[in-house]
Amino acid sequence: MQVLETKNTTWQIGGKMLSSRLLIGSALYPSPATMEDAIKISGAQIVTVSLRRQSAGQGARNPFWDIIKSLSIEVLPNTAGSHSAKEAITTARMAREVFGTNWIKLEVIGDQYNLQPDPFETVKAAEVLINEGFEVFPYTTDDLVVAKRLADVGCKILMPWGSMIGSGKGLMNPDNLTAIRKQFPELKLIIDAGIGKPSHATQAMELGYDGVLLNSAIALAQDPVRMADAFKRAVEAGRLGYEAGVMQKREFASPSTPTVGTPFWHQFA
Amino acid sequence: MHIGIAGAGLVGRVLTLNLLRLGHHITLFDEDRAYGDKAAGMTAAGMLAVFAELESAESSIFEQGNRSITLWPELLGQIGIPEAYQQKGSIITAHPQDYGELEHFIATLQSKVKEASQIQLLDKTGIMALEPDLAQHSKAFFIPQEGYVDAQLFMKTSSTYLLSHPDVAWHQSSIVDTVQEGSICHNGQTDTFDWVFDARGLGAQTQVENLRGVRGEVFWLDAPEVKISRPTRMLHPRYKIYIVPRPHNRYIIGATEIESEDKSPMSVRSSLELLSAVYSMHSGFAEARIAKMVTNCRPAMRDNLPLIEQSEKLTRINGLYRHGYLLAPAVVEEALAKGFLEAHPPRWIDSTLEEVGA
């Protein structure tokens, strides 16, 4: 049997060549063992890890971080829990020490309850961090102008949300996401947050996004390991679909009276 | 039989109480003083949350939890504090904007155990009937089977009981270096026993692979204006907060869960989260007094499930994680049955036979 290969089996992000386009989070799993199994089966080659919440007491041993490091995939530390550019910058510097990487998922929260990103502080922090040599993965909304500002300060990667973090609502505004894709063909675009089920991930990939980042949808599934497998396939399917070229939609008039059973030549009479 | 137990925390004590009933002599070793507070079992709220813990745990917890609930009354009776066991059910609620969390909670439980159908949905009237102080909430779940053990009373009373027991020798403030088959090496000296148990929790890290500590922080609040008689949880998208009652309007508020072995004092962030959550549950907590802020680490294995490891003359029990009181009696029972009791069947069988023979 002929095995179809995607046109572009590897892709590049932040200076690394990868084959998986699924980025996975490390929070909220029932146990580290389940997390390990889920991450392995997902095939993800980038795992995000929250620094701020776990960082109390710098001297203490942190076996959880050791587990993350032992996965031997790229670690993308995040600044989750930061509410200002200043806090995010401090966390990013700390992350560079702890994980020995210049990658940082920049997440500055503007609303405590919704965890909606603060675009103003995010742009501010991105500029400082890029000047310090960080590869910034900024978490942002689907606002095109914010995306432009982030690109202006030098971001090579943008991570607009599908919908609010942990909401599982999927892509709330595909038109905005498409607009960002069209505007920035040269940037790496990752959908971050809001993905609830595999079909959402497929949809994101069909829009031509380079990858999908998710956590809750896998970690909070009743069987996280199976769900990780499902997302692996969903992301692959979406990418393959995008590369194969989706057929054009046809603007058929939708009949106002039922036409079921009408021979087709009569419809144009 | 002369039995050595390394670790006089919750597991060490439950083991000792079981073995005393079988007529054995016990030597206990612990790095802490008998009335000290280093053990995770001293920090615990002692919830017997067979169902609620399932939300983020494996289904095996359910059977072991149910077994423990049947074993606790006997253990507490043995040391004379039957009142330390309470089984009046528990309440799970959320703020109106987070009712989605309640749906997720119940759906997860139902997918794991069929008994979850026994959980009752309460409306305002139902809540009013059980816990009038929580009547500001209009939706909650009631889990009749759940309860709690007054963990601090258990630890204190078991110290007194075991210290005065003729068949127990307790080496306090004693550093155990290694626990091997039939021997315990402490403070550079090796003692041999007919059987040894390693129940040191995080203290066993050099001998138990993949054992890690998970930081937890709790408040003890004295709140005369609050009358809540059942363990109560509030579900929230990011925190899971519980309130567990103690006598005289004292409440244990917990607990954070942070992947770190840091035992330093509570952070401002955690205290803000815990206290604002508890205040939003009941405004009577505003004038509560903070009796204590406690930080400790739970011993956990990679799968967050208990570890029982048997070899010749040695049993290691560890990794009870956040389920110490929920699991200890059942895990100890299982560990004894598989190892020690197989090698040394209970004496009463012999005496029964003798009686029959006589």
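Begin by selecting B:Pro245, which stands opposite B:Tyr251 in β17(B). Before continuing, note that this is a predicted model, in which local features need pLDDT of at least 70, side-chain atom pairs count only at pLDDT 80 or more, and totals for chains, interfaces and linings use all residues. Residues are numbered from 1 along each chain as its sequence is written, chains are lettered from A and ligands numbered from 1 in the order in which they are written, and side-chain values use heavy atoms, with hydrogens and water left out.

**The sheet.** Next, select residues 240–246 and 250–254 of chain B: these are strands β16 and β17, which run antiparallel and are joined by five bridges. Strands (E, at least two residues) and helices (H or I, at least four) are DSSP runs, numbered from the N terminus. Two strands pair if DSSP finds at least two bridges between them.

**A hairpin.** Move to residues 176–180 and 183–186 of chain B, where four bridges join the antiparallel strands β10 and β11. Here B:Val179 stands opposite B:Ile184 in β11(B). The two strands form a hairpin with two residues between them, and B:Gly182 in the turn has a positive phi of about 75 degrees.

**Helix α1.** Now select residues 10–21 of chain B. This helix, α1, has twelve residues and reaches 17 Å from its first C-alpha to its last, close to the 16 Å expected at 1.5 Å a residue; the expected span is 1.5 Å times one less than the number of residues. Eleven of the twelve residues of α1(B) are buried, so the helix is largely enclosed by the rest of the structure. Buried means under 20% relative accessible area, exposed over 50%, and partly exposed in between (1.4 Å probe, protein chains only). Among the buried residues are B:Arg13 and B:Asn18. Just after α1(B), B:Gly23 takes a positive phi of about 85 degrees.
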